[in-house]
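Hi,

Here is the structure I promised to pass on.

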Amino acid sequence: MTLSVTQSILIIVICTLCTWLERALPFLIFRGREVPEIVRYLGRVLPMAIMATLVIYCLKGISFATMAGWAPMLISSALTAALHLWKRSTMLSIFGGTISYMVLVQMVFV
């Protein structure tokens, strides 16, 4: 199915509005009043829970049949964790882990 230019622009506009609303809505809802304790609790707990879920999801398909099946993932995961503990920079952790994984998969464990 090919989309027209108008349809493509409409999709981009709707996605932009949804993204903006998603970010602005909490400020609009809680403007001028105290944020409920449950919302503060979720703000503290959910980021760690989401990251743990993503790690489990990414590592669940590891194959131990060959070294190329598990080594790049585990090495890159360890590097990502080390970078984050060292510099506390999310961007450095993401880019460092991704780049190391791609280098290992494409050049080392071929």
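Below are my notes on the charged residues, a surface patch and one serine.

A bit of housekeeping before that. This is a predicted model, so local features need pLDDT of at least 70 and side-chain atom pairs count only at pLDDT 80 or more, while totals for chains, interfaces and linings use all residues. Residues are numbered from 1 along each chain as its sequence is written, and side-chain values use heavy atoms, with hydrogens and water left out.

Salt bridges first. Searching the whole structure turns up three of them, where a salt bridge is a side-chain nitrogen of Lys or Arg within 4 Å of a carboxyl oxygen of Asp or Glu. Arginine 40 takes part in a bridge to glutamate 34, at 3.0 Å from N to O, and in another to glutamate 37, also listed at 3.0 Å. Arginine 40 and glutamate 37 sit three residues apart in helix α2 (residues 37-59), which is about one turn of the helix. (Helices are DSSP runs of H or I, at least four residues, numbered from the N terminus.) Glutamate 37 also pairs with arginine 44, at 3.8 Å from N to O. Through these shared partners, Glu34, Glu37, Arg40 and Arg44 are joined into one network.

How open are these residues to the outside? For the labels, buried means under 20% relative accessible area, exposed over 50%, and partly exposed in between (1.4 Å probe, protein chains only). Glutamate 34 is exposed at 67%. Arginine 40 is partly exposed at 34%, as are glutamate 37 at 46% and arginine 44 at 48%.

Next, the patch. Ile38, Val39, Tyr41, Leu42, Leu46, Ile50, Met51 and Leu54 make up a nonpolar patch on the surface, with about 730 Å² of accessible area together. Patch members have over 30% relative accessible area and no salt bridge; like charges are joined within 9 Å, and nonpolar side chains (Val, Leu, Ile, Met, Phe, Trp, Tyr) within 5 Å. The areas come from the Shrake-Rupley method with a 1.4 Å probe, and for residues only the protein chains shown count as cover. Tyrosine 41, one of the patch residues, is in helix α2 and is partly exposed at 42%.

Last, serine 93 in helix α4 (residues 90-108). Serine 93 is buried, at 5% relative accessibility. Leaving out residues up to four places away in sequence, serine 93 touches Thr80, Leu83 and His84 (contact means heavy atoms within 4.5 Å).

Cheers

Note on methods. Helix = DSSP H or I, 4+ residues; strand = E, 2+ residues; numbered from the N terminus.
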